[in-house]
Amino acid sequence: MSDYHFEITPKKNPFQLNLKELWQYRDLVILFVRRDFVAQYKQTILGPIWFFLQPIFTTLVFTLVFGKFGGLSPEGVPTFLYYLAGIILWNYFSDCLMKTSSTFIDNQGLFGKVYFPRLSVPLSIVISNLIKFGVQFLLFLCIWIYFYLRDEVTFNRTIALFPILVIIMALLGMGSGIIISSLTTKYRDLRFLLQFGIQLLMYVTPGIILSYDSIVTKFPQFKWLADINPIYPVIETFKHGWVDSGSFSWIGIGISAGITVITLLIGMVIFNRTEQNFMDTI
Amino acid sequence: MSSDKDIAIRVENLSKMYRLGAIGTGTLSHDLNVYWHKLRGKGNPYARVGEENNRELLGDSDYVWALRDINFEVKKGEILGIIGKNGAGKSTLLKILSRITGPTDGSIKVNGRMASLLEVGTGFHPELTGRENIYLNGAIMGMTKREITSKLEEIVDFSGCARYIDTPVKRYSSGMTVRLGFAVAAFLEPEILIVDEVLAVGDAEFQKKAIGKMQEVSKGEGRTVLFVSHNMGAMKTLCTSGILMTNGKIQATGNITEIIEEYQNFNQIDSFNQEQRNIIGSSHFSSWELVPNRDSKNSNKVEIIFNYKAFVITKNIELGLVIRDSTGNIIYGCNSRDNGGDYINLNPGEHKFTFIFSFPVKGDLYELDIAIVSENKVIDQWVPSSKLLIKDTFNSVLAERWKGVLRSELQFTYSSNV
């Protein structure tokens, strides 16, 4: 064999993901994460405090609109904590999805000038959002402890599954995000659909605003939709563990994990196929 | 072919097809068609109809070969200049080499760590400070954090931005940004460096520094450089060999001086053929030609014929000819009435004006500017896009920079009283 370092050819094997190269560029991933953080809050007075304020505001709105006026507050659980739990986990998923979905379009300037493993961008997005999620989770934990000490909330053994839930959300978000990012290099329509779609998904995913029961009783024809939704078991399990509401099933979480793995694999293959020539079509 | 060990880059049968026009309308149907052909084991149905890459010709096909069957090798330590007109495929080639886009066909084998300077300062984030951007930029180019830290001082020194290193880059001037970007790239220590017109920005001092660094990179440390520029001066001083590209193909490879000469020759003939002005109904210059020199004794004599079409009777005519060098300085000027010539009268029809004069100047492409005037009114003024090519006939042993503009044969004698 030749001792050439690498070879540039037209058709790459779509399953050759070059993860080794990605590992060589790990410093770049870390620097991207740092850049996202530093750049986001430069020239703001409150800085990272916005991490806390964002979910608190949303939760307050949900608590007032859906809980107080809409009469959708759950039984036996503090309304604020119930919504906060759903929101921070959902936000992590939707941030991963939304931000990775514009990987090619947002970075076309950079991608058009210099080569590096393109997958490092979505990966850094998932990591920097994980840190954001971590900070928001600390907020959740403080409020949770407050309610726990007042004996208004208890936890469950399924709390141990928490890290797995976060990983599923991250990988599912990234997987679907990179699929969309690859398709938007040619068909920009998807970006508009996505904005609308992600909002719709938030409303139809049981456990974030509406509970599974209320969806099934009001729209029985859409029961199947709630059943195949891979996000639902994750959020349900999260709440089951932390605030002891709803139910838990291994099958549900298993299906979520399975869909996540498949989505991620498809995403990486499509992304890998797209990255070589997307500059010509974007 | 030389042994693989000495080769930095080997390009084999490289082709790249582009789709013209707005991508979007009809893309889906084309995509489905391509997919359908692939499914049946047939080739891309649009590949057959791809046309030669020539931006001046109007083609029928939506598909164009930006590069077609490119083959060449770059040896280790070689500085290769890539020359060609706009749209000849130079940048596409560099883009494929630096893995920004993929080829349609063929392959490139690269032996060594490669970095490209398609545009310096890529990935600079305006909100981050100079120092933060050095790290980010370095990492984008493939350096590890540790490597960057070990070279940070040198990079800052080389850029000359030490004072502003903790200021956000958005407050930098464009020149400073380029300096910083180039500094990072210069300390990358890649085995192969790809440079595209970066030297256009930055002041003279910095350009000198940059060229020096590139020379040092390739000579001192045995690294390979691929250089694309329209600056023939920089090419000549920097490169060892060259490639001339036309319409997506390689026209010539070889020594850089020969390649530059061929390019300038070719450029002249090429544009000469295309010089067609259609000013219907009014009198105008239609073409010009250089009469081959018959006077071998006086090789500095130039004979130029301008062809002129007159549609009306014009009286009291005089002609003015001005010649500029490639930097725009007027080198020579003359009038048809010089040396006691008189005004002329023209009838409708085709006319030839012949100018013979001595032109002992350095080799360059000279711009002609001809005007025809009747009773102080300009009838036509023409600056042909084809240039007058003068080759150096007189060679002095003097270094290039002392040679000046005039090329006049020297008769030197020596006598002494001792």
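Modeller: Begin with the surface of one chain, and keep in mind that this is a predicted model. The accessible surface of chain B comes to about 21600 Å², and carbon and sulfur atoms account for 50% of that surface.

Biologist: How many of the residues of chain B count as buried?

Modeller: Of its 418 residues, 48% do. Chain B contains eight helices and 19 strands. Among its contacts with a separation of 6 or more, 69% join residues 24 or more positions apart.

Biologist: How do I read a nonpolar core?

Modeller: In soluble globular proteins, nonpolar side chains tend to be buried together. Here the largest nonpolar core has 111 residues. F116(A), F140(A), F238(A), I83(B) and I134(B) have the most contacts inside it. Helix 4 of chain A, residues 79–101, gives the most to this core, with 14 residues. A second, separate core has 26 residues, including I8(A) and L93(B).

Biologist: Which residues does I83(B) touch?

Modeller: Leaving out residues up to four places away in sequence, its contacts include M232(B), L244(B), I256(B) and Y263(B). K90(B) is also one of them.

Biologist: What about a charged residue, such as E78(B)?

Modeller: Look for a partner of opposite charge. E78(B) lies in the loop between strand 3 (63–75) and strand 4 (79–84) of chain B. E78(B) is buried, yet has no salt bridge, because the nearest side chain of opposite charge, K75(B), is 5.1 Å away and a salt bridge has to be within 4 Å.

Biologist: Which backbone atom does the side chain of E78(B) reach?

Modeller: The backbone nitrogen of K75(B), at 2.7 Å.

Note on methods: Residues are numbered from 1 along each chain as its sequence is written. Chains are lettered from A and ligands numbered from 1 in the order in which they are written. This is a predicted model: local features need pLDDT of at least 70, side-chain atom pairs count only at pLDDT 80 or more; totals for chains, interfaces and linings use all residues. Side-chain values use heavy atoms; hydrogens and water are left out. A nonpolar core is a set of buried Ala, Val, Leu, Ile, Met, Phe, Trp, Tyr and Cys residues joined through side-chain atoms within 4.5 Å. Buried means under 20% relative accessible area, exposed over 50%, partly exposed in between (1.4 Å probe, protein chains only). Helices (H or I, at least four residues) and strands (E, at least two) are DSSP runs, numbered from the N terminus. Contact means heavy atoms within 4.5 Å. Lys and Arg count as positive and Asp and Glu as negative; His and the chain ends are not counted. A polar contact is a pair of N or O atoms within 3.5 Å; within protein, one must be able to donate a hydrogen and the other to accept it, and residues adjacent in sequence count only if both atoms are side-chain atoms. Accessible areas come from the Shrake-Rupley method with a 1.4 Å probe; for residues, only the protein chains shown count as cover.
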